[in-house]
Amino acid sequence: MPSLYLAIRCFECLLATSLLFQTLEFLKLRSVQQPNALWSWTTQRGDLAHASVPVRKLFDWLYSDSVHRIHLLLRLAAAAGLYAGSSIVSATLLFFSTIAILIRWRGAFNGGSDFMTIIALTGLMIAHWGQSIVSPVLAWQAGLGYVCLQTMTSYFISGAIKLFSKEWRNGSALPYFLDGGIYGPLAADSVLRNRVVATASSWGFILWECSVPVIFLGPGVAIAYCAIALVFHCLVFAFFGLNRFVWAWVASFPALVYWAGAW
Amino acid sequence: MTLTLTLIAAYFAFVLGSIVLRGREVSGPWWYLLRSFFPNWRFYHGFGSQPRLFTRIQTPDGEWTEWQMFMPRAKLSPRDLFYNPHNNLLLANQNLVDHLAFDIQTLPDNTSATELVSYQMVMRLARSLLQQQGMGGAGGVVDETGSNGHRWQFRVLQVPPLQTPDDSMAFLESPVLQA
């Protein structure tokens with residue numbers, strides 16, 4: 001059985017890396033959040049028209065340029081602090097900071113990577129707040145267990161939903177989506193335009209994603225599954241530019257490997 | 001061991017069932033802003049129409065340019081794996097167009113699309129695209145304040161897979177705006 005301590009440290013360091021990259025990007029993107037810029041809060045605060053006056057004032061203050069900058073710098077420090085180890089303070093700060101940032105980007109900035117970041121931080125919250133109820137070991141196991149279950153669900157649903165799609169089963173969806181990718185379109189002579197190759201690739205992804213429960217065969221199988229997952233996420237980055245997906249999912253791998261050998 | 005295996009199998013059977021039998025979707029302003037807590041993991045499953053933003057500008061001689069489609073495109077760089085703010089912003093901007101398309105489909109009666117936050121943001125996006133592209137030819141470049149006295153327009157088309165965009169796909173066209 002993998003060491004719980006090792007799993008925790010790997011989880012914290014990989015999560016730190018993911019959060020650091022995200023926060024540096026958010027700091028850079030402050031330029032498009034200035035008044036009169038595309039993502040100006042002046043326009044976007046209309047999303048909170050339903051909220052009470054005090055709530056709207058709170059968010060006006062939170063998203064003012066100077067406070068937002070301080071918030072992001074604090075988040076950067078808290079993320080870097082995870083390399084030395086997490087605490088109930090850093091876990092709580094990063095969790096609520098992420099919620100605040102996502103509301104600033106109308107609920108999600110980068111889709112799936114936002115979901116996975118929230119899941120990892122929820123796992124961290126469970127691990128720290130849970131220690132006021134149960135032992136630290138049990139609290140960390142619960143936190144990593146939550147991350148493991150959600151990560152497995154992400155792969156399983158992503159694969160199964162394609163299984164129900166005729167276009168994915170016959171291979172026509174793959175080149176269609178790759179053409180729409182940020183680094184697209186595919187070259188006219190790309191091998192992925194070949195129907196046989198596209199169909200085989202599609203089925204490969206679908207079966208691999210749906211087979212995520214096999215990690216419970218043991219830590220060795222889980223490590224192999226995670227290695228393939230890393231290649232998969234790098235391919236997604238290479239076609240769709242989704243760099244945050246790579247780091248957000250990689251941060252969850254220690255939880256998968258730990259739980260693969262923990263029962 | 002047997003109990004654990006049974007529980008794992010039951011969980012994934014439940015997940016599979018939830019894909020087939022989808023319940024009522026919960027919606028609301030706070031649900032929308034906090035939707036990252038409720039991931040659906042349905043990546044690239046929809047082979048349906050894609051909302052696309054188009055812009056055009058009137059040149060000094062009164063002619064309208066061709067509609068230009070906004071399509072997030074970039075050149076792959078290994079550095080992007082670690083730091084990719086510009087391209088992630090392009091994708092977030094395309095999401096604005098997707099949300100506007102959804103908002104219009106669910107717009108209550110007697111409500112104007114122009115009141116939507118997503119409409120106002122897409123209008124800003126369209127204007128910023130015109131600024132970046134310097135559309136309008138000689139003398140028609142939009143300055144940094146967005147003002148050059150020219151008139152411009154944007155529209156959103158629902159483009160079905162593998163089809164060339166045409167006028168019949170338009171479901172939103174802005175009035176003529178002054179740059």
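**Note on the helix packing and the A–B interface**

1. Helices α4(A) and α5(A) are oblique to each other, a class that holds the angles left over once those under 35 degrees (roughly parallel), over 145 (roughly antiparallel) and 65 to 115 (roughly perpendicular) are set aside. Helix α4 of chain A covers residues 65-81, and its angle to α5(A) is about 135 degrees, with the axes 10 Å apart. Axes are lines fitted to C-alpha atoms, for helices over the stretch in contact, and angles run from 0 to 180 degrees between N-to-C directions. Helices here are DSSP runs of H or I with at least four residues, strands are E runs of at least two, and both are numbered from the N terminus.

2. The model is predicted: local features require pLDDT of at least 70 and side-chain atom pairs pLDDT 80 or more, whereas totals for chains, interfaces and linings use all residues. Residues are numbered from 1 along each chain as its sequence is written, while chains are lettered from A and ligands numbered from 1 in the order in which they are written.

3. On the α4(A) side of this packing stand A:His71, A:Leu74, A:Arg75, A:Ala78, A:Ala79 and A:Gly81; their partners in α5(A) are A:Ser90, A:Leu93, A:Leu94, A:Ser97 and A:Ala100. Contact requires C-beta atoms, placed from the backbone, within 7 Å. By class, this contact comprises six nonpolar, four polar and one charged residues. Nonpolar denotes Ala, Val, Leu, Ile, Met, Phe, Trp, Tyr, Cys and Pro, charged denotes Asp, Glu, Lys and Arg, and the others, Gly among them, are polar.

4. Chain A contains 13 helices and zero strands. Its C-alpha atoms occupy a box of roughly 60 × 50 × 30 Å along the principal axes. Of the 263 residues in chain A, 44% are buried, meaning that 20 or more other C-beta atoms lie within 10 Å of the residue's own (12 or fewer: exposed; in between: partly exposed), with C-beta atoms placed from the backbone. Among its contacts between residues at least 6 apart in sequence, 66% link residues at least 24 apart.

5. Chain B has four helices and five strands, in the sequence order α-α-β-β-α-α-β-β-β. Buried residues account for 25% of its 179 residues. For contacts in chain B between residues at least 6 apart in sequence, the share joining residues at least 24 apart is 56%.

6. At the interface, 48 residues of chain A contact 44 residues of chain B. Several helices of chain A each supply at least two residues to this side, including α1 (4-28), α5 (88-104), α6 (112-129) and α11 (219-240). Helix α7(A) gives the most, with eight residues. The side of chain A that touches chain B divides into 28 nonpolar, 13 polar and seven charged residues.

7. Helix α7(A) packs against α1 of chain B (residues 2-20) at about 45 degrees, with the axes 10 Å apart. That angle makes α7(A) oblique to α1(B). From α7(A), A:Thr153, A:Phe156, A:Ile157, A:Ala160 and A:Ile161 meet B:Phe12, B:Val15, B:Leu16 and B:Ile19 of α1(B). This contact has eight nonpolar, one polar and no charged residues.

8. A:Ser158 also lies in helix α7 of chain A. The residue counts as buried because it has 21 C-beta neighbours inside 10 Å. Leaving aside residues up to four places away in sequence, A:Ser158 touches A:Glu209, B:Trp41 and B:Phe43. The C-alpha atom of A:Ser158 is separated by 31 Å from that of A:Gln44, 114 residues apart along the chain.

Definitions and conventions. Contact = placed C-beta atoms within 7 Å.
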